[in-house]
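Please read the numbered points alongside the sequence and the model.

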Amino acid sequence: MPYVCPRFVACASPPLRHGTAVMVTRVPPFLKSADAMSSLRRGDLVEVGEPGRVVDRRPKDVWAVRFRAGTFLIDRQYIEPLVDADAESLEDEESTQ
């Protein structure tokens with residue numbers, strides 16, 4: 001079922017929650033690792049279109065997302081939720097690993 005925005009609310013995309021499958025829409029210049037001792041990494045560790053999974057929410061619309069290369073803190077402007085068909089294929093891929 002497609003996402004329907006609540007009435008009188010300007011919504012560009014569905015809200016994110018823990019476990020939501022997301023996709024990178026633009027590559028940020030740098031990525032901050034979500035480790036306890038975080039560090040800045042180069043942005044080319046993830047590519048446009050790469051799927052990931054939301055692990056945690058941080059202040060100021062920043063999300064901890066797990067990608068192949070690791071878990072990074074990424075601003076909401078760089079990610080979008082995957083549609084249901086893509087999310088199912090991501091779940092199948094994770095279950096085979």
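1. A hairpin joins strand β2 to strand β3 through 6 residues. The two strands, residues 30-33 for β2 and residues 40-42 for β3, run antiparallel and are joined by 3 bridges. Within this pairing, Phe30 has Arg42 of β3 as its bridge partner. Strands are DSSP runs of E with at least two residues, helices are runs of H or I with at least four, and both are numbered from the N terminus; two strands pair if DSSP finds at least two bridges between them.

2. This is a predicted model, in which local features need pLDDT of at least 70 and side-chain atom pairs count only at pLDDT 80 or more, while totals for chains, interfaces and linings use all residues. Residues are numbered from 1 along each chain as its sequence is written, and side-chain values use heavy atoms, with hydrogens and water left out.

3. Strand β2 also pairs with strand β6 (residues 70-75), in the antiparallel sense and over 2 bridges. Here Ser33 stands opposite Phe72 of β6. As for the faces of β2, Leu31 and Ser33 lie on the covered one, whereas Phe30 and Lys32 lie on the uncovered one.

4. Is Ser33 buried or exposed? Ser33 counts as buried because its relative accessibility is 4%; buried means under 20% relative accessible area, exposed over 50%, and partly exposed in between, with a 1.4 Å probe and protein chains only. Leaving aside residues up to four places away in sequence, Ser33 touches Ser38, Ser39, Thr71, Phe72 and Leu73, where contact means heavy atoms within 4.5 Å. Ser33 and Ala64 are 31 residues apart in sequence, and their C-alpha atoms are 8.6 Å apart in space.

5. Lys60 has a positive phi, near 60°, in a residue other than glycine. Asp61, also not a glycine, has a positive phi of about 60°. Lys60 is exposed, with a relative accessible area of 77%, whereas Asp61, at 31% relative accessibility, counts as partly exposed.

6. A remark on confidence is in order. The chain averages a pLDDT of 79, and 71% of the residues score at least 70; pLDDT is the predictor's confidence in each residue, from 0 to 100.
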